[in-house]
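Got your viewer open and a selection tool at hand? Here comes a short walk through the model, one stop at a time.

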Amino acid sequence: MGNIQASTDVYARGLSIILLKSCEIGAGMKILVTGVRGQLGHDVANELEKRGIEAVGVDIQEMDITDAESVDRVIREASPQAVIHCAAYTAVDAAEENEDACRRINVEGTRNIAKVCRELDIRMMYISTDYVFDGQGERPWEPEDDRAPQSVYGQTKYEGELAVQEALEKYYIVRIQWVFGINGKNFVKTMLNLSQKYDTIRVVNDQFGSPTYTYDLARLLADMILTEKYGVYHAANRGICSWYEFACAIFQEARIPITVVPVTTEEYGAKAKRPANSRMNLEKLTANGFEQLPPWQDALKRYVEALNMESRRDL
């Protein structure tokens with residue numbers, strides 16, 4: 001625990017310096033954020049505002065990304081210097097039966113945004129996923145590895161990446177995974193809700209990845225969008241675990257006594273194929289001067305504390 005605390009202290013000091021610099025760099029900037037009512041979009045917009053950057057947050061009510069005319073009008077009226085595209089169809093199992101809807105949002109919606117960004121000559125950040133890989137083996141995925149998605153969701157996010165790469169030179173593709181945040185549904189909230197109904201829970205123990213706190217991720221994305229260090233990146237809180245190990249840590253952090261039973265992916269059953277290996281190499285962040293995120297255990301601790309604070313405010 002001491003090592004995690006020390007790592008977090010160093011990270012916090014580094015962020016303070018970066019924040020001061022980015023406030024100067026970002027002064028007067030305006031950035032449009034899609035999916036602002038979702039987990040990541042919410043935190044990204046808040047982080048930009050903290051830095052003195054005007055965040056124009058939009059969701060389907062303000063800009064239907066599947067409507068090219070809506071996208072063109074809203075972005076041109078906002079006249080931003082950049083777009084951070086967080087909106088997506090993320091219901092992995094539902095996508096198997098709703099491929100058309102998933103493709104309209106993840107592919108056509110992304111293409112519509114990329115087209116306007118090209119015409120206005122502004123930078124675009126596209127949030128992608130580990131699902132673009134085939135999920136095999138144990139080696140951490142490199143940003144430039146071949147993509148071979150195994151699900152409808154993964155395929156549409158892959159095609160979204162291609163739409164960005166084909167349309168733009170000023171782009172960032174940031175692949176993320178296993179995210180949890182205050183504003184929206186996620187695995188942590190699901191586990192806590194299930195613990196109120198059951199005394200035993202089955203959780204998959206043969207899929208491995210990095211739980212990622214959107215609050216931490218938003219800081220990194222804000223750092224990146226203020227630079228011209230374009231390209232494909234992987235971003236996650238440091239450290240690897242299985243979903244089972246993550247669930248156990250959640251209940252331990254929340255001090256909830258419950259039995260967690262490890263099961264295989266096959267035993268659990270799901271419509272969409274999940275990647276067994278979601279390990280991602282994060283070294284490209286460091287190589288480009290960006291701070292890597294703290295360990296996922298530390299992120300989980302802060303997140304549970306934030307949930308508790310929110311719960312107390314609601315009482």
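Select Asp 43, which is found in helix 2 (residues 39-50); helices (H or I, at least four residues) and strands (E, at least two) are DSSP runs, numbered from the N terminus. Before you go on, note that this is a predicted model, where local features need pLDDT of at least 70, side-chain atom pairs count only at pLDDT 80 or more, and totals for chains, interfaces and linings use all residues. Residues are numbered from 1 along each chain as its sequence is written, and side-chain values use heavy atoms, with hydrogens and water left out.

Asp 43 is buried yet has no salt bridge. Buried means under 20% relative accessible area, with a 1.4 Å probe and protein chains only, and a salt bridge is a side-chain nitrogen of Lys or Arg within 4 Å of a carboxyl oxygen of Asp or Glu. Show Lys 50 too: this is the nearest side chain of opposite charge, 7.6 Å away.

Switch to cartoon view and find the open sheet of 6 strands, ordered 2-1-3-4-5-10 with parallel pairing. Strand 2 (54-58) and strand 10 (231-234) are the edges, each pairing on one side only. Two strands pair if DSSP finds at least two bridges between them.

**Stop three: strand 4**

Select residues 123-129, strand 4, which pairs in the parallel sense with strand 3 (residues 82-85) over 4 bridges. His 85 stands opposite Tyr 126 here, and Ile 84 has Met 125 as its bridge partner. On to strand 5: 6 bridges join strand 4 to this parallel strand, and Met 125 has Tyr 172 as its bridge partner there.

How many residues of strand 4 are buried? The count is 7 of its 7.

**Last stop: an arginine in strand 5**

Select Arg 175, in strand 5 (residues 171-176). Arg 175 counts as buried because its relative accessibility is 1%. Finally, show Pro 143, whose backbone oxygen lies 2.9 Å from a polar atom of the Arg 175 side chain.

Technical notes:
Buried < 20%, exposed > 50% of the residue type's maximum accessible area, 1.4 Å probe, protein only. Lys, Arg positive; Asp, Glu negative; His and termini not counted. Polar contact = N/O pair within 3.5 Å; in protein donor to acceptor, adjacent residues only side chain to side chain.
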